[in-house]
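Open the structure in your viewer and keep the selection tool at hand. Each stop below names what to select and what is there.

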Amino acid sequence: QVQVVESGGGLVQAGGSLRLSCAVSGSIFSSSIMGWYRQPPGKQRELVAAISRGGTTNYADSVKGRFTISRDNAKNTAYLQMNSLKPEDTAVYYCNANGADYYRHGYDYWGQGTQVTVSS
């Protein structure tokens with residue numbers, strides 16, 4: 001059973017930084033597209049950043065230049081470095097692992113989320 005576990009959330013003042021981690025169990029990590037999503041209070045979940053197996057990244061316009069997604073295939077872990085945080089970044093942040101296995105069966109695993117709260 002694959003597990004996706006986020007950590008690193010918390011309370012920070014505006015302008016501060018946090019680093020989120022996402023650990024994935026099993027052997028799927030290196031073949032997965034890893035994504036960070038967030039769901040602000042009362043709003044829909046949205047993509048924040050994603051990184052391909054080869055390291056290509058893409059970001060939501062609202063976080064470009066402030067957030068950096070990365071991955072360490074040796075540690076089966078993805079990261080989201082968040083700098084210059086704003087109150088509007090307050091949300092539950094979720095990690096996602098998406099891909100297909102050897103038999104081309106697609107998969108889509110989610111973590112339980114970690115709360116990020118930015119105070120003004």
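Start with Y103, which counts as exposed at 62% relative accessibility. Exposed means over 50% relative accessible area, buried means under 20%, and partly exposed lies in between (1.4 Å probe, protein chains only). Y102 and Y103 form an edge-to-face aromatic pair, 5.2 Å centre to centre with 90° between the planes. Rings of Phe, Tyr and Trp (its six-membered ring) pair if their centres lie within 6.5 Å; planes under 30 degrees apart are stacked, over 60 edge-to-face, and the rest tilted. The whole structure holds 3 aromatic pairs.

A word on what you are viewing. This is a predicted model, where local features need pLDDT of at least 70 and side-chain atom pairs count only at pLDDT 80 or more, while totals for chains, interfaces and linings use all residues. Residues are numbered from 1 along each chain as its sequence is written, and side-chain values use heavy atoms, leaving out hydrogens and water.

Next, select residues 91-100 and 106-110. These are strands β9 and β10, paired in the antiparallel sense over 5 bridges. Strands are DSSP runs (E, at least two residues), numbered from the N terminus; two of them pair if DSSP finds at least two bridges between them. Find N96 in this pairing: W110 in β10 stands opposite. The two strands form a hairpin with 5 residues between them, and R104 in the turn has a positive phi of about 65°.

Move to a second hairpin. Select β7 (residues 67-72) and β8 (residues 77-82), antiparallel and joined by 6 bridges. Between β7 and β8 lie 4 residues; N76 in the turn has a positive phi of about 55°. Which residues of β7 are on the covered face, and which on the uncovered one? F67, I69 and R71 are covered; T68, S70 and D72 are uncovered. In a regular strand the side chains alternate between the two faces of the sheet.

Stay on R71. A78 in β8 stands opposite R71. The charged end of R71 sits over the ring of F29, 4.7 Å from its centre. That label needs NZ of Lys or CZ of Arg within 6 Å of the ring centre and within 35 degrees of the ring normal. Select R45 for another case: its charged end sits over the ring of Y94, 3.7 Å from the centre.

Finish at M34. Beyond four places away in sequence, M34 touches residues including F29, I69, R71, A78 and N96; contact means heavy atoms within 4.5 Å.
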